[in-house]
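Here is a short briefing to read beside the model. Keep the 3D view open and find each residue as you go.

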Amino acid sequence: MSIIYLDNNATTRVDEKVAETMMPYFCENYGNPSSIYDLAHKANTAVRKSRETIKDFLGAKDAKEIIFTSCGSESANMAIKGTLELAPHKKHIITTKVEHPCVLNLYKDLEKKGYKADYIGVDSNGDLDVNELLSKVDKDTAIVSVMYANNETGAIFPVEEIAQKVKEINPDTKIFVDAVQAAGKIPINVKDTKIDFMGISAHKFHGPKGIGALYIKSGTMVSPLIVGGHQEKGKRAGTENVPYIVGMARAAELATENMEDELTRVKKLRDTLEEGILTKIKNARLNSTAKNRVPNTTNIGFLYIEGELILLHLNDEGICASSGSACTSGSLEPSHVLRAMGVPFTSLHGSIRFSLSRYTTENEIIQVIQTLPHIINKLAKISPFQKELGEILGC
């Protein structure tokens with residue numbers, strides 16, 4: 001059975017060109033980039049060139065603003081904890097109710113340590129209440145953390161506008177942007193913004209798992225999360241993961257080359273999937289119609305049907321999708337993102353995220369549209385809400 005993979009917000013397949021680029025740095029150019037002999041120089045040169053590539057990928061001003069990390073979670077922790085450690089007198093922090101767990105759980109931990117956290121809400125489409133956020137900023141606000149694009153709905157937040165307006169209220173407040181779900185899907189140009197930190201992760205744009213990057217605006221101070229050697233300008237100790245750094249850079253180059261395809265063909269496939277499902281399945285509802293969404297993501301709720309059962313039946317047909325963040329997979333709790341949006345209880349537990357990639361084909365989308373109605377009809381027959389479904393489905 002062939003696999004139809006529509007869970008690209010969880011992770012992506014590594015591009016073969018990326019894997020080919022990485023291979024020489026495992027067994028041939030394997031030197032430690034901090035050493036001084038020629039073998040090490042090859043590794044050092046590869047890291048330096050990769051840093052330049054990621055700088056261009058994010059539209060940063062200087063390659064020195066790029067620090068390599070292990071993932072998006074480490075980048076978030078480094079930016080947030082590293083900021084707070086240098087401002088111990090400031091105890092106010094702000095984020096949104098729909099952030100990734102790497103930010104939300106960190107904020108909850110910080111609250112236990114005496115910080116006052118404000119969590120900003122979203123509307124029914126998942127759009128952020130920017131005015132509420134700005135109203136919370138004061139002289140004691142150390143950092144504001146706002147994701148660029150939501151991993152469950154695809155909604156894009158106006159991070160550049162937020163950064164600009166926050167700085168107008170308090171120039172000392174730092175801005176961290178989790179751009180993990182935006183990088184490679186939409187253009188990013190961070191140098192012309194007031195954003196202080198931006199984190200990305202390679203495995204979200206067809207690079208390897210276990211490598212990420214943190215943009216730190218020139219002049220921005222941050223305390224290192226990992227202390228030890230001199231690597232990464234003293235900001236992140238540990239021998240550089242050269243093969244994966246090289247792989248991340250190559251993935252960034254390919255993502256840039258394929259950006260137009262992402263914004264046009266992939267978006268069209270996403271829209272076709274939405275229209276097909278909503279047309280053929282009467283108890284389906286689109287959870288987010290946000291005007292600005294990344295082109296690959298949709299989130300659809302199925303009234304009175306259990307989402308885990310839908311995913312299991314899709315899996316039996318070789319179709320991979322998700323009920324939300326991969327970091328909360330297995331939890332019986334409904335999505336915190338959809339709860340924040342006020343998604344009705346009747347479809348909250350039956351919501352499925354479909355996330356496409358440049359490898360997604362039209363035939364795959366057509367097959368999903370043809371397969372899913374049969375699954376929903378089968379599950380409707382065993383649902384405990386027979387009366388309600390009967391009224392909706394006309395049976």
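Buried means under 20% relative accessible area, exposed means over 50%, and partly exposed lies in between, with a 1.4 Å probe and protein chains only. At 14% relative accessibility, K55 therefore counts as buried.

This is a predicted model, where local features need pLDDT of at least 70, side-chain atom pairs count only at pLDDT 80 or more, and totals for chains, interfaces and linings use all residues. Residues are numbered from 1 along each chain as its sequence is written, and side-chain values use heavy atoms, with hydrogens and water left out.

**Salt bridges**

- A salt bridge is a side-chain nitrogen of Lys or Arg within 4 Å of a carboxyl oxygen of Asp or Glu.
- Side chains of opposite charge can pair when their charged atoms come close.
- How many salt bridges does the structure hold? The total is 16.
- One of them links K55 and D56, with N and O 3.0 Å apart. K55 is buried, but D56 is exposed, at 52% relative accessible area.
- Another joins D109 to K113, at 3.1 Å from N to O. D109 is partly exposed at 28%, while K113 is exposed at 55%.
- D261 pairs with R265, and their closest N and O atoms are 2.7 Å apart.
- Both D261 and R265 sit in helix α9, residues 259-280. They are four residues apart, about one turn of the helix. Helices (H or I, at least four residues) and strands (E, at least two) are DSSP runs, numbered from the N terminus.
- D261 is partly exposed, with 21% relative accessible area. R265 is partly exposed too, with 30%.
- Salt bridges that share partners also form one network of K267, R270, D271, E274 and R293.

**Around D15**

- Where is D15 placed? D15 is in the loop between β1 (4-5) and α1 (16-22).
- D15 is buried, with a relative accessible area of 8%.
- Contact means heavy atoms within 4.5 Å. Setting aside neighbours within four places in sequence, D15 is in contact with H206, L254, R358 and Y359.
- L254 belongs to helix α8 (residues 242-257) and is buried at 3%. Beyond four places in sequence, L254 contacts D15, K17, V18 and R358.
- L254 and F385 are 131 residues apart in sequence and 47 Å apart in space, C-alpha to C-alpha.

**Positive phi angles**

- Most residues other than glycine have a negative phi, and most peptide bonds are trans.
- H206 is not a glycine, yet has a positive phi of about 70 degrees. H206 lies in the loop between β7 (197-201) and β8 (212-216) and is buried at 4%.
- K233 is not a glycine either, and has a positive phi of about 55 degrees. K233 lies in the loop between β8 and α8.
- Is K233 buried or exposed? K233 is exposed, with a relative accessible area of 63%.

- I310 is in helix α10 and is buried, with a relative accessible area of 0%.
- Not counting residues up to four places away in sequence, I310 touches F302, I305, G350, I352, L372, I376 and L379.
- I310 and I352 are 42 residues apart in sequence, and their C-alpha atoms are 8.2 Å apart.
- L312 also lies in helix α10 (residues 307-316), but is exposed at 52%.
- L309, L312 and I382 make a nonpolar surface patch of about 290 Å². Patches are made of residues with over 30% relative accessible area and no salt bridge: like charges are joined within 9 Å, and nonpolar side chains (Val, Leu, Ile, Met, Phe, Trp, Tyr) within 5 Å. Accessible areas come from the Shrake-Rupley method with a 1.4 Å probe, and for residues only the protein chains shown count as cover.

**Cysteines**

- A disulfide is a pair of cysteine sulfur atoms within 2.5 Å. By this rule the model has zero disulfides.
- C71 is partly exposed at 26%, whereas C102 is buried at 11%.
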